[in-house]
Amino acid sequence: MAVRLKVGKSSGERAEADDKIQAIVTGMLREVEQRGEAAVRDYAARLDNWERPTFRLSEAEIDGCIQSLSPQALDDIRFAQTQIRRFAQIQMLSLRDVEVETLPGVVLGHKNIPMESVGCYVPGGKYPLLASAHMSVLTAKVAGCKRVIACTPPFDGKPAPAVVAAMALAGADEIHVLGGVQAIAAMALGIDSIAPVDMIVGPGNAYVAEAKRQLFGRVGIDLPAGPTETLVICDDTVDAELVAVDLLGQAEHGPTSPAICVTTSERIARELPQQITRVLARLSTAETALKAWTDYGEIILCDRKEEMLAEAQRICSEHVQVMTAEPDWFLERLTNFGAMFLGARTNVSYGDKVIGTNHTLPTRGAGRYTGGLWVGKFIKTHTYQRILTDAASVAIGEVCSRLCALEGFAGHQEQADIRVRRWKA
């Protein structure tokens, strides 16, 4: 039987915070919709202390950001983008147009069509998350989107050079230094200086996530987003220090990031709290990570791997790191998660930054019904039909007519009947 040795905050406490955020974002979006660019500029000045004639960076400013980085930094960005591009291109190969004659004279098909215009949000207010530029901009370009714009907040009162460089090297068509809800609103609704997009992707804080949620329907979004989550599934094949590092490596994202250990090892369950304290002592982000661990960290001790599987299914974490004797056992059976990291040699940080898989992933249980960002998210699959012969139209039409009659749709029925009358031999 699974025993929770350490329990995080309740969902009720989180819901109260969500309600406050929802109200703030609703007001901001309403103001941008009413006042347009003026409202966006007011929010940028008030929240980010950011004022300039245009949010869009010029080619000279972009080049300046690139030139300010060391050769090693640029090489590392290019290396990461090569891995991400390669995997995205491989994923593209799994998408293909189809056309088939399902009955004599009846042809059905679908076409995969890239979205015309995409907006990519790259967080950067607290940490300049340049990896998010690879994950969104680069993936959209591989998918074939014609216009890919990117927004990122200022960092220390200026554009973050590494983020801007990553956006440019990934192929962004426009780069705007603009953050928060105001950036999401500008891309979704359009303002004088930014034409609206068809879809918005990318992670962000709770306000950015809420803005995307409220705007969904007017624009597409990649997926629902919440605080970063991590789950470590482990047994006695690893040690408590490694588990502590992997939990805190994600807890540093923010003070509300859940970090959960599910284990069959009594040793790890007993030693983990002490190892958490030791690892925190060597992290510059210890204050944030400690807050997340204190409020949202959990240790769940299980008797068997089947219990660990059941707990992982229930939790449905964004990141699931499996460090057990048989990691593939979980790969074959676990269905509720964002991304999985198998074995002690890999970890969530590799996935976040460089290995090639996308780091924009479902949170708050959304892994039950959606996967993470990938080229397929930027592709619309549209169906079409064609009937080649009179006989085929009549055969389909006669059945269609009877079905329409069952539903009482006279107009639909007449669409079928007129063709039956004209082409029946």
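Helix 15 covers residues 390–407, 18 residues in total. At 1.5 Å a residue it should span 26 Å, and its end C-alpha atoms are 25 Å apart, which agrees. The expected span is 1.5 Å times one less than the number of residues. Helices (H or I, at least four residues) and strands (E, at least two) are DSSP runs, numbered from the N terminus.

This is a predicted model: local features need pLDDT of at least 70, side-chain atom pairs count only at pLDDT 80 or more, and totals for chains, interfaces and linings use all residues. Residues are numbered from 1 along each chain as its sequence is written, and side-chain values use heavy atoms, with hydrogens and water left out.

Stay with helix 15. Its buried residues include Ala392, Val394, Gly397, Ser401 and Cys404. Buried means under 20% relative accessible area, exposed over 50%, partly exposed in between (1.4 Å probe, protein chains only). An α-helix has 3.6 residues a turn, so residues three or four places apart point the same way. The buried residues of helix 15 pack against strand 3 (106–114), strand 14 (379–387) and helix 16 (410–423); contact here means heavy atoms within 4.5 Å. Glycine 408 follows the helix, with a positive phi near 80°.

Most residues other than glycine have a negative phi. Cysteine 316 sits in the loop between helix 12 (305–315) and strand 12 (319–323). Cysteine 316 is buried, at 2% relative accessibility. Arginine 364 lies in the loop between helix 14 and strand 14. At 48%, arginine 364 is partly exposed.

Now the cysteine pairs. A disulfide is a pair of cysteine sulfur atoms within 2.5 Å. The count is zero. The sulfur of cysteine 234 is 3.8 Å from the closest cysteine sulfur, in cysteine 261, so it is too far for a bond. Cysteine 234 is buried, at 0%. For cysteine 65, the closest cysteine sulfur is in cysteine 151, 15 Å away, again too far for a bond. Cysteine 65 is buried too, at 9%.

Last, the lining of the largest cavity. Its residues include His319, Phe341, Asp352 and Leu361; lining residues have an atom within 4 Å of a point on a 1 Å grid over the protein atoms alone, where a cavity is a set of points that a 1.4 Å probe fits but cannot get out of. Strand 13 (339–342) and helix 14 (348–353) each give two or more residues to this lining. Helix 14 gives the largest share, three residues.

Definitions and conventions: On a 1 Å grid over the protein atoms alone, a cavity is a set of points where a 1.4 Å probe fits but cannot get out, and a pocket is an open set with protein on both sides within 12 Å along at least five of seven lines; lining residues have an atom within 4 Å of a point.
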